[in-house]
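Dear colleague,

Please find the structure below, handed over for your records.

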Amino acid sequence: MPTEVTFDRTEAQWLHDAHGLRIIANFEIKEGHGRPVCTGRLFGNDGDIFLKKISADRLPLPKRGEWIVKNAGGISVASGDYGTLIESYCGSRALIPPAADPPTPRPILISRGKSISTTRFNHTILHAFIPQVMALRDEIVLHTTSVVIDGHCFLFAGDSGMGKSTLAAGFASRGHTIYSEDIARIDFGETGAPRAYPSYPGVRLRGNSFLLPKDKRTNAQGRFGLPKFRVNVVNAVSAEPPLTVRAIFFLRRGRTVGPRITRLSPMQAIKPYLKASFLLALPKATRSRVAFAQAAKLASAIPAFELQYLRSPKHFSSLLDSLTRYARELRP
């Protein structure tokens, strides 16, 4: 068991606005657009998620039978009396303590993997740990890019490497706002309409992206077999109100120059929604039921399309033209 499960207000140094939440940590997370909080400020219920970095030896070592997920999507998950422990491929770990009764602010305890860069550590926290924390709190979280066109959000979901970030960078170059480049929290407002919250600012492109200048491209692989990410400052926000989601496009590779867009029925959309959701940290006994309920709700509320397109620098501009025109022609 870890020896510390409380959050010392004197340690709270950074505030991060993302997903419509206030993430307070005792360390800086640069990618999360963190800013210093006022000295001596008492947080109380001001924060939604509290992060506390501690040494790895202060976190529990799960027993063999406590692992409920092993090396799936780059993470492993264990569950025990200590709560839920998530371990990343890079060795970083996050302990989510069991819910307190009565509810009190309790921090997520974070340990950094050995010999990894600060960039990789921050990326793991924001893009692996935080989404799973939100999922455990009954939030709907999708692995998706969200682009604002005419005041509405359009989601683009797909596996890593399918081009979500490239599309985001392309839309941003045309003046469109990027609400999320990788992760989006979805909820349903007072009217029941689906809404997307902004995520972290910026767009990360793989080193060999055709959008990078030729002298900046590289095929060099980073540690753990992953490509190096570059950060492009574009039209992205992290602390704006949620916007209504007009449609979602599930990306697939195509062979024709022109994009092929096919409307999916709610039943057809459930499977890709499940694939795009962050669900691994959910208790095994309830995961399937919760996952299906979330996917079915999303599928019935958001028009879904399959987008097949050719990854081609030559035709990228016309692809953006087609997608923008299609989005504007969609009826509410």
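Phenylalanine 316 is buried, at 10% relative accessible area, where buried means under 20%, exposed over 50% and partly exposed in between (1.4 Å probe, protein chains only). The setting of this residue is taken up again below, after some remarks on the model.

This is a predicted model, in which local features need pLDDT of at least 70 and side-chain atom pairs count only at pLDDT 80 or more, while totals for chains, interfaces and linings use all residues. Residues are numbered from 1 along each chain as its sequence is written, and side-chain values use heavy atoms, with hydrogens and water left out.

Confidence

The protein chain has an average pLDDT of 86, and 87% of the residues score at least 70; pLDDT is the predictor's confidence in each residue, from 0 to 100. Two segments call for caution. Over residues 1-5 pLDDT stays under 50, and the model has 13 contacts for them beyond four places in sequence, a contact being heavy atoms within 4.5 Å. Over residues 39-44 pLDDT likewise stays under 50, with 12 contacts beyond four places in sequence.

Aromatic pairs

The structure holds eight aromatic pairs. Rings of Phe, Tyr and Trp (its six-membered ring) pair if their centres lie within 6.5 Å; planes under 30 degrees apart count as stacked, over 60 as edge-to-face and the rest as tilted. One of the pairs joins phenylalanine 156 and phenylalanine 171, which are tilted at 35° between the planes and 5.7 Å centre to centre. This pair links distant parts of the chain, since phenylalanine 156 belongs to strand β11 (residues 152-157) and phenylalanine 171 to helix α2 (residues 164-173), 15 residues apart. Helices (H or I, at least four residues) and strands (E, at least two) are DSSP runs, numbered from the N terminus. Phenylalanine 156 is buried at 2% relative accessible area, and phenylalanine 171 is buried at 0%.

To return to phenylalanine 316, its ring and that of phenylalanine 210 have centres 5.4 Å apart and planes at 75°, so the pair is edge-to-face. Because phenylalanine 210 lies in the loop between β15 (203-206) and β16 (229-232) and phenylalanine 316 in helix α5 (residues 316-329), the pair ties together parts that are 106 residues apart in sequence.

Charged side chains

A search of the whole structure finds eight salt bridges, a salt bridge being a side-chain nitrogen of Lys or Arg within 4 Å of a carboxyl oxygen of Asp or Glu. Among them, glutamate 139 pairs with arginine 185, with the closest N and O atoms 3.1 Å apart. The two partners come from distant parts of the chain, 46 residues apart: glutamate 139 from the loop between α1 (118-136) and β10 (140-149), arginine 185 from strand β13 (residues 183-188). Arginine 185 is buried, at 9% relative accessible area. Arginine 185 also lies over the face of tyrosine 197, at 4.2 Å from the ring centre; a charge sits over a ring if NZ of Lys or CZ of Arg is within 6 Å of the ring centre and within 35 degrees of the ring normal. Lysine 70 lies over the face of tryptophan 67, at 4.4 Å from the ring centre.

Another salt bridge joins aspartate 187 and arginine 195, the closest N and O atoms being 3.0 Å apart. Aspartate 187 counts as buried at 15% relative accessibility, whereas arginine 195 is partly exposed at 26%.

With kind regards
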